[in-house]
Amino acid sequence: MKGKIVVVLTGAPKGTPSELGAHLNSDKAMMAMKRGAIGVISIPTDEDTRRRPWDKRVAISDGPAKGWVGTDGKAFSRTPGIMGGATLNPDVAAPLFAASGKSLTKIRAEADRTGGKPKGFAMKAKASLSYAQTWKDVQSENVVAVLPGSDPAVAGEFIGMTAHLDHIGIHGKGQDTLHNGAMDNASGVATMLEVAKAVAKEKPRRSVMFAALTGEEGGLIGSDYLARNPVVGGEVVGLVNFDMPVLTYMFSDVVAFGAENSTMGKVVADAATKAGIKLSPDPMPEEGLFTRSDHYRFVQQGVPAVFMMTGFEGPGEKAFRGFLKDHYHQPSDDLKLPFNWDAGALFAKVNYYTVMGLANGAERPKWYAGSFFGKEFAPKAAKAADPVK
């Protein structure tokens with residue numbers, strides 16, 4: 001691919017394990033760069049289009065690109081070799097494929113089947129990408145606090161708790177353009193603070209880092225900076241993330257992203273049992289949630305992490321999907337929503353039991369030997385034997 005522009009479909013093959021699929025989808029530019037590509041053009045799949053129609057995609061694409069600047073004064077980029085990228089409407093992209101004797105409609109149809117993997121081919125086309133841009137310096141802080149561990153033997157090992165404090169601000173063209181972010185993510189920050197208060201009273205063995213992070217909506221910016229530039233006087237060995245628990249119903253299950261990849265999974269399972277709820281598999285793998293919140297930047301630095309969302313049992317699916325459809329990234333995500341405060345207390349409880357289990361555990365969290373993420377991001381770290389299924 002040296003010196004070429006790569007054209008990719010969004011998403012991952014249907015049937016790919018949820019967390020792996022989310023990772024593969026988010027890392028396409030990195031994979032292209034490693035093979036010499038200098039640009040990436042993305043085309044939405046049929047599934048992606050059903051989930052996010054083109055007009056909605058256009059409506060959310062008018063904001064500035066954001067990133068962070070290191071102490072050397074240089075803007076950080078995970079893919080410095082990719083000089084530019086674009087997303088094409090499939091209707092516009094179809095002639096590009098036709099010129100190479102291929103049908104984009106058939107390719108997208110194949111990708112829409114379980115296990116469908118359209119094969120790559122050289123396109124008989126050239127493309128040029130040009131940009132006009134301005135730079136604006138903006139300062140936005142992460143807010144970090146530390147609770148020292150009570151056991152000197154493991155006080156240098158930190159259990160992290162993170163929640164993003166930003167939302168998308170003033171946006172759109174309607175009568176109300178203020179996006180309040182009550183559920184996304186004031187509820188997550190509030191839950192983290194409640195758990196922090198409870199943890200602080202217990203004086204756990206390991207140290208605990210509490211971090212309210214900036215720039216999640218702009219690309220996990222605050223978490224990327226903190227994961228690469230730790231401020232704690234030790235090592236973050238495990239992380240629990242709080243992001244957009246939908247608290248409009250009393251849930252009876254949670255989805256724990258990341259739990260199957262490390263020994264944190266047993267701690268989460270024990271916490272769920274103690275809280276009187278159960279763990280469920282990801283009910284929306286097409287959303288790629290595992291890579292869309294702050295914990296993922298720590299995973300990329302080799303730190304085992306979990307991120308819980310309220311589950312789909314009982315009234316859960318209707319309430320959760322209803323929130324995504326009508327209120328997610330909308331001005332209506334405010335305190336007029338029917339918050340169920342008992343559900344909020346239960347969500348805090350299961351996370352509290354998780355954090356305390358990790359902070360007081362006999363061993364620090366370890367990746368399982370068979371975990372893709374452990375092998376990809378922490379190849380030299382000590383691994384735990386895979387659990388018997």
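This is a predicted model: local features need pLDDT of at least 70, side-chain atom pairs count only at pLDDT 80 or more; totals for chains, interfaces and linings use all residues.
Figure 1. At 19% relative accessibility, Tyr-352 is classed as buried, because buried means under 20% relative accessible area. By the ring-pair rule, the structure has 11 aromatic pairs. For Tyr-352 and Tyr-353, the ring centres are 5.7 Å apart and the planes stand at 55 degrees, so this pair is tilted.

**Figure 2. The aromatic pair of Phe-372 and Phe-373.** Phe-372 is partly exposed, at a relative accessible area of 29%. Phe-373 is buried, with a value of 2%. Both residues also belong to a cluster, in which ring pairs link them with Phe-290 and Tyr-296.

**Figure 3. Lys-102 over the ring of Phe-121.** Lys-102 lies over the face of the Phe-121 ring, at 5.1 Å from the ring centre. Phe-121 is also among the residues touched by Ser-100.

**Figure 4. Surroundings of Ser-100.** Ser-100 is located in the loop that runs between helix H5 (90–98) and helix H6 (104–111). With a relative accessibility of 11%, Ser-100 counts as buried. Leaving out residues up to four places away in sequence, Ser-100 is in contact with Phe-121, Ala-122, Met-123 and Lys-124.

**Figure 5. A nonpolar surface patch with three valines.** Val-144, Val-146 and Val-231 make up this patch, which covers about 230 Å². Val-231 belongs to the loop between helix H8 (221–228) and strand S9 (235–242). The relative accessible area of Val-231 is 57%, and the residue is exposed.

**Figure 6. Helix H8 and what covers it.** Helix H8 is mostly covered, with 6 of its 8 residues buried. The buried residues are Ile-221, Gly-222, Ser-223, Asp-224, Leu-226 and Ala-227. Their cover includes strand S4 (143–147), strand S8 (207–213) and helix H10 (295–299). The loop that holds Val-231 lies between H8 and strand S9.

Notes
Residues are numbered from 1 along each chain as its sequence is written. Side-chain values use heavy atoms; hydrogens and water are left out. Rings of Phe, Tyr and Trp (its six-membered ring) pair if their centres lie within 6.5 Å; planes under 30 degrees apart count as stacked, over 60 as edge-to-face and the rest as tilted. Buried means under 20% relative accessible area, exposed over 50%, partly exposed in between (1.4 Å probe, protein chains only). A charge sits over a ring if NZ of Lys or CZ of Arg is within 6 Å of the ring centre and within 35 degrees of the ring normal. Patches are made of residues with over 30% relative accessible area and no salt bridge: like charges are joined within 9 Å, nonpolar side chains (Val, Leu, Ile, Met, Phe, Trp, Tyr) within 5 Å. Accessible areas come from the Shrake-Rupley method with a 1.4 Å probe; for residues, only the protein chains shown count as cover. A salt bridge is a side-chain nitrogen of Lys or Arg within 4 Å of a carboxyl oxygen of Asp or Glu. Helices (H or I, at least four residues) and strands (E, at least two) are DSSP runs, numbered from the N terminus. Contact means heavy atoms within 4.5 Å.
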